[in-house]
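The sequence and the model are shown first, and the description follows.

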Amino acid sequence: MDPRPLYRSALDWTAGLAAAVTEEQMSLPTPCSEFDVRALIGHLVGTVRRGHAAASGRDVMAVNVDLHDLADPAGDLAAAAAASLAAWDADDSLLDAMITVPWGTVPGRGVLFGYLNETLVHGWDLAVSTGQSAEADPAVVGVVAGVFPQFLPADIRDADDVPFGRVVEPRPDAGPTERLANWSGRDSAEWLTHA
């Protein structure tokens, strides 16, 4: 499967969420306790820049993902997304190239699926933090939910080098994006009043 269209959809959704955030909302807390809204968008910018670095043959780990003080977080996210997508679209062979990222050396498809999950889950974080619709395209989320557990099985969550919490049991009426966030360790119940 070519995950580039899925990644484009997720980035478009998340960039749209970021563009709707007001300056007053930038200091609100998020489900990522280490990030307020501004820092969460900055982290998204950093992860998208890492995706761009991966497609450009640069050292992914040299790209900072903790960008707390961006003057234009939404604009920076849109620009990073456009650059990353253009780099991935420029060369189909990148999908099978072995690329080193924080979770190992994997084919480009695996790189994109990792950053795709990151984009969707942090998009959910951003949406519930700012009172926006927290469900991305269910067709996109469904593919990621079918693939991502292979990358992050439930039984490795207690390892020191795994930056995800334990799987949270979804609410019966949780949507697909919320369920993906639950798989990534998000306890969505406390954020439902914000969504």
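Helices (H or I, at least four residues) and strands (E, at least two) are DSSP runs, numbered from the N terminus. On that basis the chain has six helices and two strands, arranged along the sequence as α-α-α-β-β-α-α-α. The model is predicted: local features need pLDDT of at least 70, side-chain atom pairs count only at pLDDT 80 or more, and totals for chains, interfaces and linings use all residues. Residues are numbered from 1 along each chain as its sequence is written, and side-chain values use heavy atoms, with hydrogens and water left out.

**Overall form**

The C-alpha trace spans about 45 × 40 × 30 Å along its principal axes. The radius of gyration, taken over C-alpha atoms, is 16 Å, in agreement with the value near 16 Å for a compact globule of 195 residues; the globule rule is 2.2 Å times the number of residues to the power 0.38. Of the 195 residues, 50% count as buried, where buried means under 20% relative accessible area, exposed over 50%, and partly exposed in between (1.4 Å probe, protein chains only). Among contacts (heavy atoms within 4.5 Å) between residues at least 6 apart in sequence, 65% join residues at least 24 apart.

**Annotated region**

An unreviewed UniProt entry places the feature "domain: Mycothiol-dependent maleylpyruvate isomerase metal-binding" at residues 9–127; such annotations may be inferred rather than shown by experiment. Over residues 9–127 the chain is 56% helix and 7% strand, with the end C-alpha atoms 16 Å apart.

**An aromatic pair and a buried arginine**

The structure holds one aromatic pair. Trp103 and Tyr115 form this pair, which is edge-to-face, at 5.1 Å centre to centre and 70° between the planes. Rings of Phe, Tyr and Trp (its six-membered ring) pair if their centres lie within 6.5 Å; planes under 30 degrees apart count as stacked, over 60 as edge-to-face and the rest as tilted. Trp103 lies in the loop between β1 (98–101) and β2 (104–107), and Tyr115 in helix α4 (residues 108–130), 12 residues apart.

Arg186 is found in the segment after α6 (176–183). Not counting residues up to four places away in sequence, Arg186 touches Pro31, Cys32, Val121, His122, Trp124, Asp125, Val168 and Ala181.

| Residue | Relative accessibility | Class |
|---|---|---|
| Trp103 | 34% | partly exposed |
| Tyr115 | 3% | buried |
| Arg186 | 12% | buried |
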